[in-house]
Amino acid sequence: MKSLNILIIEDELVTANDIKETLEKAGHYVTGIARNLSAALTLVRINPPDLILIDIHLEHSPEDGIEIAQRVLTQQTIPIIYLTGHSEQPTFARAQQTRPAAYLLKPFRHKELAIQVELAYYNYQATQANSVDPFLSDSLYLPVEQGRGYVRIKKNDVQYLAADRVYVEIYLVGEAQKRVFTMNLGYLAQFFTTTNFYSLSRSLLVNLDYVERIDKGQFYVEGRKGPISFPENNHKLFLQQFAIVKTPSRRESAS
């Protein structure tokens with residue numbers, strides 16, 4: 001049995017330390033206990049874990065466990081196990097978007113926790129080994145409405161992605177109509193890792209190859225008439241993504 005490095009995200013320290021003790025008795029190593037998003041991102045960066053245990057309902061954190069998982073997964077692929085005392089369908093549906101390795105309801109037996117962790121980790125690894133890596137693939141197959149199947153999206157055909165509440169709008173080259181998927185942009189964005197994709201805001205992921213004009217607070221993409229708005233305070237950083245030729249000053253022109 002492999003000893004796993006496990007990060008715990010839990011804001012109730014008594015519960016977190018109880019879980020830590022249980023895992024360490026089973027021969028695993030706890031890389032840290034995070035109570036919020038900032039601490040979680042720091043611990044993942046400093047000491048990347050093999051697996052993360054996350055409590056969904058964090059009373060002392062602005063973000064819940066699902067939001068933290070979404071942010072963590074934009075940095076690297078790590079199996080997630082959710083711990084929660086609630087089983088509401090909307091919560092479960094949100095959690096499923098992050099493709100967790102397991103979903104454990106509280107209260108759980110501590111003797112069984114280590115077993116569930118090990119099973120979830122090895123099942124996750126087996127699944128990853130036998131499937132095409134969506135991070136490296138040139139195309140993604142995204143779920144269509146009502147679970148009727150999957151539709152292929154070529155990454156390089158994507159001009160930009162926009163968040164609309166619980167939906168993601170995908171605009172493709174050569175298609176006048178947007179494609180809409182029931183998915184979180186923060187989760188989907190992790191699969192667009194090439195340098196031509198730029199996160200312009202929390203609601204916009206842009207393929208720089210299709211940007212043909214930039215104005216203050218808005219830009220235009222190839223083949224589409226209307227402008228796309230973005231926060232003006234991101235304007236300077238956005239311009240830095242392009243080879244901008246500035247108008248020379250009078251002194252430079254004279255020389």
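Is E21 buried, partly exposed or exposed? With a relative accessible area of 42%, E21 is partly exposed. That value falls between the two cut-offs, since buried means under 20% and exposed means over 50%. The model here is predicted, and every value below is computed from it.

E21 has a charged partner. Its side chain meets that of K25 in a salt bridge, with N and O 3.4 Å apart. Both residues belong to helix 1, which covers residues 13-25. They sit 4 residues apart, about one turn of the helix. K25 counts as exposed, at 68% relative accessibility.

Side chains of opposite charge can pair when their charged atoms come close. The structure holds 7 salt bridges, and the E21 pair is one of these. Another joins D164 to R165, where the closest N and O atoms are 3.6 Å apart. D164 is partly exposed, at 27% relative accessibility. R165 is exposed, with a relative accessible area of 72%.

A further salt bridge links E169 and K178. Here the closest N and O atoms are 2.9 Å apart. E169 has 11% relative accessibility, so it counts as buried. K178 has a relative accessible area of 38% and is therefore partly exposed.

Now turn to helix 3, residues 65-73. How many of its 9 residues are buried? The count is 7, so the helix is largely enclosed by the rest of the structure. The buried residues are G65, I66, I68, A69, Q70, V72 and L73. A side-chain oxygen of D64 reaches to within 3.2 Å of the backbone nitrogen of I66.

Rolling a probe the size of a water molecule over the atoms shows where empty space is left. The largest pocket holds about 1,000 Å³ of space. Its lining is made up of 31 residues. Nearest its centre lie R71, N184, L185, G186 and R202.

Which element gives the most to this lining? Helix 3 does, with 4 residues. Several elements each supply at least two lining residues: helix 3, helix 4 (89-96), helix 6 (185-188), strand 11 (197-201) and strand 12 (204-207). By residue class, the lining of the largest pocket divides into 12 nonpolar, 13 polar and 6 charged.

The second largest pocket has a volume of about 440 Å³. It is lined by 17 residues, and those closest to its centre are R99, P134, Y141, L142 and Y150. Strand 6 (139-143) provides the largest share of this lining, with 5 residues. Strand 6 and helix 6 each supply at least two residues. The lining of the second largest pocket divides into 11 nonpolar, 5 polar and 1 charged.

Definitions and conventions: Residues numbered from 1 in each chain as written. Predicted model: local features only at pLDDT ≥ 70, side-chain atom pairs only at ≥ 80, totals over all residues. Heavy atoms only, no water. Buried < 20%, exposed > 50% of the residue type's maximum accessible area, 1.4 Å probe, protein only. Polar contact = N/O pair within 3.5 Å; in protein donor to acceptor, adjacent residues only side chain to side chain. Salt bridge = Lys/Arg side-chain N within 4 Å of Asp/Glu carboxyl O. 1 Å grid on protein atoms, 1.4 Å probe; cavity = no way out; pocket = protein on both sides within 12 Å on 5 of 7 lines; lining within 4 Å. Points joined across faces, edges and corners; volume = space filled by probe spheres on them. Nonpolar A, V, L, I, M, F, W, Y, C, P; charged D, E, K, R; others polar.
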